[in-house]
Amino acid sequence: MTALDAFWMPYTANRQFKAAPRLVAGAQGVRYRTPEGREILDGISGLWCVGAGHGHPRIAEAMKRQIDRLDFSSSFQVGHAGAFELAERIAAVAPPGLDRVFLVNSGSEGVDTALKLALAYWRARGEGQRHLFIGRERGFHGVGFGGISVGGMLNNRRAFGTTLLRTDHLAATWRPEQAFVRGQPSEGAGMADELERLVALHDASHIAAVIVEPVAGSTGVLVPPVGYLQRLREICTRHGLLLIFDEVITGFGRLGGMFAAEVFGVVPDMIVFAKTVTNGAAPLGGVIVRRELHDTLMHGPPHLAELMHGYTCSGHPLACAAALAMLDVLRDEALPARVRSLAPYFENAVHALADAPGVVSVRNIGLAAGIELQADAAGAGRRGTRAQAACFERGVLTRAPGDTLILAPPFVSTPSDIDAMVAAMRRAIEDSATEPTA
Ligand SMILES: Cc1ncc(COP(=O)(O)O)c(C=O)c1O
């Protein structure tokens, strides 16, 4: 057996994991295979990224062809066709007006890039005093210093004792009366008006941007009430604030459209994406930017880089090849439409868990659901950890932020895959119902 000591696992209870490892050795379609040959249903699309299913042959072929042709080229002062083509293709499916694309390697880098672009934009316009960012409680924007500053998850900051940006936060869109609402809550658009209060408090002239996930994913699938995002957009427009949608989870199909912006009919000034853009086959992320922002930053002496920012692997040829193939797959297999047609079945299946022991809320949209469990008397997060481990034992991979189990299956799942995932989850919820005495 492989030694497990040296790899410091991210976002993992290392000591507990290494005492009882959960290893996978292969994957195909919606299933992982363990080294012992047991099948595990992928109830979280890898980590919200494998929409087209594991081992998609078109993506694998594209990457194999690419590695033989051009394994690496940076995008600093030299270019290769894949990065340009990918940016054009992403711009073509993005909301109208957003057609300039900065490529990075992850969602965290995408968020930090978007925040830097906002700061640079205002400085270029002579409004450098605008450097306050408004995030939202229970928002997750990755783990860069910018991302944890605008993020609304204390646990991501507590150990580090500092944030580097000036921020304030809107309240999360979650309310107890939404506990078993299907899809978007009809009440609560007015929660967006809190932004007016923050503008009055800080003054618009100090605010660089507002950043939200259209649907908060990592904190347990918090679905915005009908009209909430429209209201945020209106307030941002009224006060001249930039609006950034972090679509690292929602981008490229999860909600049944290419972007949440399209699904909700709200156009932000920037969209951050990652994850599903390559079907998880290679690390890639980016920021899609409104043309005017980009053009404002195309300034300075022509021989100098307009933006002193970028990464060695920005526009990596292998990642671009994977993303181009994924865009073909999304189009040719009509994956967003498939999500739309599977979503009602999925909704019924996850809401049937409402009567499982200790389920206190079920929330869903597209192919994303959060099944929240009653926390143990001993403290938050224990039940969730226990239930997540039990899910793996019962044959479904999930994640449990706090005490909420996430179900976010690949877009290519069938109704019977969904049934199998939900049945395994029900058994795991039952298994984990009793609080350990020790
Ligand atoms: C909304 C959101 N933003 C940013 C990130 C960070 O992405 P990455 O882990 O690729 O840095 C995530 C990751 O789950 C995310 O859900």
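Residues are numbered from 1 along each chain as its sequence is written. In this predicted model, local features need pLDDT of at least 70 and side-chain atom pairs count only at pLDDT 80 or more, while totals for chains, interfaces and linings use all residues.

Reader: Which element gives the largest share of the side of domain 1 that touches domain 2?
Author: Two residues are in contact if their C-beta atoms, placed from the backbone, lie within 7 Å, and the contact takes 32 residues from domain 1 and 31 residues from domain 2. Elements here are DSSP runs numbered from the N terminus, with helices (H or I) of at least four residues and strands (E) of at least two. On the side of domain 1, those giving two or more residues are α2 (45-48), α12 (335-351), β11, β12 and β14. The largest share, 7 residues, comes from α12.

Reader: How many residues of the side of domain 1 that touches domain 2 are nonpolar?
Author: Ala, Val, Leu, Ile, Met, Phe, Trp, Tyr, Cys and Pro count as nonpolar, Asp, Glu, Lys and Arg as charged, and the others, Gly among them, as polar. On this side 10 residues are polar and 4 are charged, and the nonpolar residues number 18.

Reader: Which strands form the edges of the open sheet of 3 strands?
Author: Strands pair if DSSP finds at least two bridges between them. The sheet has antiparallel pairing in the order β11-β12-β14, and β11 pairs with β12 (residues 368-373) over 6 bridges. Within that pairing, Asn 364 stands opposite Ala 369 in β12. The edge strands, each pairing on one side only, are β11 (359-365) and β14 (404-407).

Reader: What angle does the direction of helix α14 make with that of β14?
Author: Axes are lines fitted to C-alpha atoms, for helices over the stretch in contact, and angles run from 0 to 180 degrees between N-to-C directions. Helix α13 (residues 382-394) lies across β12 and β14, at about 40° to β14. Helix α14 (residues 415-431) touches β11, β12 and β14, and its direction makes with that of β14 an angle of about 165°.

Reader: Which helix gives the most residues to the shell around the ligand?
Author: Among the 15 residues around the ligand, the nearest are Ser 106, Gly 107, Ser 108, Gly 142 and Val 248; a residue is near a molecule if its C-beta atom, placed from the backbone, lies within 6 Å of it. By class, the shell holds 5 nonpolar, 8 polar and 2 charged residues. With 3 residues, the helix that gives the most is α5 (residues 107-124).

Reader: Why does Trp 48 count as buried?
Author: Trp 48 is found in helix α2 and has a positive phi, near 70°. Most residues other than glycine have a negative phi. A residue is buried if 20 or more other C-beta atoms, placed from the backbone, lie within 10 Å of its own, exposed if 12 or fewer, and partly exposed in between. Trp 48 counts as buried because its C-beta neighbours inside 10 Å number 23.
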